[in-house]
Amino acid sequence: TWMATPAKDAKIALAITDDGGFKWDASNPGKPPTTIAGASTFADGVLTLAAKGTQDGALAGKVAWQDADHFTFRLVGAPPGDPGLKFAR
């Protein structure tokens, strides 16, 4: 399980299973928690998280590894100054 804190009191938990499944849980103060689950793929430095059974679509982002326990996920097509999400486990 990977954790990111994109803003004060906001949290994202990302779990990716050995079979390629994923679960993305996001919480933000004042908003209901969000969970997206489906299938993940990782190719050419891009992690794609495709939701199943919903109309949430997919998230695709470039992954930059800092070390084995830290990476940055930056959405494909994000503006150049976007810092992305920093995940740690």
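This is a predicted model: local features need pLDDT of at least 70, side-chain atom pairs count only at pLDDT 80 or more; totals for chains, interfaces and linings use all residues.
## Ground rules

Buried here means under 20% relative accessible area, exposed means over 50%, and partly exposed is whatever falls in between (1.4 Å probe, protein chains only).

Residues are numbered from 1 along each chain as its sequence is written, and side-chain values use heavy atoms, with hydrogens and water left out.

## The overall fold

The chain has 8 strands and 0 helices, with helices (H or I, at least four residues) and strands (E, at least two) taken as DSSP runs numbered from the N terminus. Written out from the N terminus, the order of elements is simply β-β-β-β-β-β-β-β. The radius of gyration is 13 Å, close to the 12 Å from the globule rule for 89 residues, so the chain is as compact as a globular protein of that length. For the record, that radius is taken over C-alpha atoms, and the globule rule is 2.2 Å times the number of residues to the power 0.38.

Along the principal axes, the C-alpha atoms fill a box of roughly 35 × 30 × 25 Å. Of the 89 residues, 29% count as buried. The chain exposes about 5,800 Å², and carbon and sulfur atoms supply 57% of that; these areas come from the Shrake-Rupley method with a 1.4 Å probe, and for residues only the protein chains shown count as cover. Now for contacts, meaning heavy atoms within 4.5 Å: looking at those with a separation of 6 or more, residues 24 or more positions apart account for 20%.

## The nonpolar core

A nonpolar core is a set of buried Ala, Val, Leu, Ile, Met, Phe, Trp, Tyr and Cys residues joined through side-chain atoms within 4.5 Å. The largest one has 16 residues, and those with the most contacts inside it are Ile12, Leu14, Trp24, Phe71, Phe73 and Phe87. At least two residues of this core come from each of β1 (2–4), β2 (11–16), β3, β5 (46–51), β7 and β8.

Setting aside neighbours within four places in sequence, Leu14 is in contact with Thr1, Trp2, Phe22, Lys23, Trp24, Leu47, Leu49, Phe71 and Phe87. Another one to click on is Thr72, found in strand β7 and buried, with a relative accessible area of 10%. Not counting residues up to four places away in sequence, Thr72 touches Lys62, Val63, Ala64, Gln66, Pro83, Gly84, Leu85 and Lys86.

## Aromatic pairs

There are 6 aromatic pairs in the structure. The bookkeeping goes like this: rings of Phe, Tyr and Trp (its six-membered ring) pair if their centres lie within 6.5 Å, with planes under 30 degrees apart counted as stacked, over 60 as edge-to-face and the rest as tilted. Take Trp24 and Phe87: their ring centres are 6.0 Å apart and their planes sit at 65 degrees, so this pair is edge-to-face. The two come from distant parts of the chain, with Trp24 in strand β3 (residues 21–27) and Phe87 in strand β8, 63 residues apart.

Phe87 also pairs with Phe71, and that pair is stacked, at 5.1 Å centre to centre with 15 degrees between the planes. Phe71 lies in strand β7 and Phe87 in strand β8, so the pair ties together parts 16 residues apart in sequence. Phe71 is buried at a relative accessible area of 4%, and Phe87 is buried at 1%. Ring pairs link Trp2, Trp24, Trp65, Phe71, Phe73 and Phe87 into a cluster.

## Salt bridges

With a salt bridge defined as a side-chain nitrogen of Lys or Arg within 4 Å of a carboxyl oxygen of Asp or Glu, the count comes to 3. Asp69 and Arg89 form one of them, at 3.1 Å from N to O. That pair links distant parts of the chain: Asp69 is in the loop between β6 (58–67) and β7 (70–75), Arg89 is in the segment after β8 (85–88), and they are 20 residues apart. Asp69 is partly exposed at 35% relative accessibility, whereas Arg89 is exposed at 56%.

Lys8 and Asp9 form a salt bridge at 3.9 Å, N to O, and Lys8 is exposed, with a relative accessible area of 73%. Lys23 bridges to Asp25, with the closest N and O atoms 3.9 Å apart. Lys23 counts as partly exposed at 41% relative accessibility, and Asp25 is partly exposed at 26%.
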